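Welcome, and thanks for taking a look at this one with us. Please open the model and keep it beside you while you read the short briefing below.

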Amino acid sequence: MSHELGSKGVHGHRGKVAVIGQGHIGLRVAVRAAEVGWSVVGYDIDEARVKELTSGLGARDGLETERLSNVLDTGAYMPTFSKQDISGFDVAVIAVPTPVGADGSPELSHIVDAVDLIGKYLKAGAVVSIESSLYPGATEGVVASGLAYSSGKEPGVDFYLGYSPERVDTGNRAYLFENTPKIVSGINDISLDAIDSFYSTLVAKTVRVAGTPEAELAKLMENTFRQVNVALVNEIALAAGTLGIDVGEALRAAETKPFGYMGFHPGTGAGGHCLLSASSYLSWSARNGSGPPLRVVEAAMTVNSSMPGHIVQQIINCIISNDGHVEGSRILVLGLAYKPGVSEVANSPAVDIANALANLGAQVSAADPYVQECPILADSISRVEATPQRCAEADVVVLLVNHKEFDIGRLAEKCRLLVDPLYVTGSRNALRAK
Ligand SMILES: NC(=O)c1ccc[n+]([C@@H]2O[C@H](COP(=O)([O-])OP(=O)(O)OC[C@H]3O[C@@H](n4cnc5c(N)ncnc54)[C@H](O)[C@@H]3O)[C@@H](O)[C@H]2O)c1
């Protein structure tokens, strides 16, 4: 038996899609589905977010405002915070947050709420896809049983259920939602066909995976791979520093190997949503399943989360060895985002470092051309532009995010003291007095 969806390309004729959660991920799916002929309702509990989207604003990091405006203008996309607007959907996509709880366990309350809502409006033959990151087994467990409970229907029989993780790399202009291979999975064969059929209308290539736990694990592994390699290079950089070895030079040499090696660069730790939650979900999953703990993953999380502390200490050492005092020092930090080229500040180590310096009594200012609002930044930190004059006025300049807009070679010439934990200016220059 097979399940075919959305064979017609005219707006609305493919059917109705309800996307639950209109943040980074949900909006991308909604806009793309609207562009290819689905009639899309984007539901979000945040009224302010819905108003922003309704007025054509709120497309972020790689999704152009023009694409949002176009689908609003054609009527193919409608943001809403009214639950009943999702009724009659043929496909529902869940893209709500899946954060980590205070004890390190998955916090699935948003998923539970979304499942409850979808179940109430679920009609026979509809398809439900989860895009939120989940631990292995969650789709066929907590999601399937929640939908069965709220709808009174049997998953995989009365409706079709699958998992298709989002792989967006915020700031990456080459690989977008449309041209990144999309993992698709289902709780049974007919669900897999239905999920595959839906996403085949949205993306250039789908990758069928035999089961939802395997697809969930694949997503967590992709992000954990980065977490582990970032930790490895950070730890090696710390060790090389104490051994008096130029790690930047060593990494440049290692990267010339054309096979079996992938370059990662020292930095301030791991930030953003996905790296942290994926590693936490994976290690929680192993421990919760009474399996052996994932020691490498847990060690990597520890190393990366310790990096802001190391860098603050590096800055303190630098100031003291140049006969200064941290308290009252004018420190300019370059970068607040969690990585270059993006505006996202969630879990950003750069923000942690700036806040820690302010707490120590330094007069901190921060420059980041991408970050407009930063509610997690200490109130005492002023926002400035990264100009040569600002650098000259500061006692210490710290490069925390290597945005291409920072002309660091030019700025460095004006700095009295430059701390470069990213090794952009060369590792031996990590502490550099002019
Ligand atoms: N941001 C990324 O780069 C990225 C990449 C891959 C996967 N993911 C995963 O995708 C999921 C969504 O992430 P995001 O970055 O879009 O989050 P986000 O915080 O940008 O957006 C989530 C949206 O969901 C809304 N929401 C919360 N509960 C809701 C509910 N019950 N009903 C309707 N709306 C609700 C929030 O108001 C918010 O607007 C998470 O599981 C995340 O781990 C994110």
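Why can α9 be called largely enclosed by the rest of the structure? The reason lies in burial: 11 of the 15 residues of α9 are buried, so the helix is largely enclosed by the rest of the structure. Please bear in mind that this is a predicted model. The points below start with that helix, go on to the ligand, and finish with the strands.

**Helix α9**

- The buried residues of α9 include a run from Cys274 through Leu275, Leu276, Ser277, Ala278, Ser279 and Ser280 to Tyr281.
- Leu282, Ser283 and Ser285 are buried in α9 as well.
- From its first C-alpha to its last, α9 reaches 20 Å with its 15 residues, which is close to the 21 Å expected at 1.5 Å a residue.

**Around the ligand**

- The ligand is surrounded by 28 residues, and the closest of them are Gly21, Gly23, His24, Ile25 and Ser132.
- Helix α9 returns here: along with α1 and α4 (109-121), α9 supplies at least two residues of the shell.
- Both domains take part, since domain 1 (16-210) and domain 2 (247-433) each give at least three residues to the shell around the ligand.

- All the residues of strand β2 (residues 39-43) are covered, with 5 of 5 buried.
- On one side of β2 the buried residues are Ser39, Val41 and Tyr43, and on the other they are Val40 and Gly42, which leaves both faces covered.
- Strand β1 (residues 16-20) pairs with β2 in the parallel sense over 5 bridges, and Ile20 has Tyr43 of β2 as its bridge partner.
- Between β1 and β2 the chain passes through helix α1 (residues 24-35), and this β-α-β crossover is right-handed.
- β2 also pairs with strand β3 (residues 77-80), again in the parallel sense, over 4 bridges; there, Val41 has Met78 of β3 as its bridge partner.

**Strand β1 and its other partner**

- β1 is mostly covered, as 4 of its 5 residues are buried.
- Strand β4 (residues 91-94) runs parallel to β1 and is joined to β1 by 4 bridges.

Conventions
Residues numbered from 1 in each chain as written. Predicted model: local features only at pLDDT ≥ 70, side-chain atom pairs only at ≥ 80, totals over all residues. Buried ≥ 20, exposed ≤ 12 C-beta atoms within 10 Å, placed from the backbone. Pairing = 2+ DSSP bridges. Right-handed = clockwise from strand over helix to strand, strands pointing away. Near = placed C-beta within 6 Å. Domains from an automatic or database assignment. Expected span 1.5 Å × (residues − 1).
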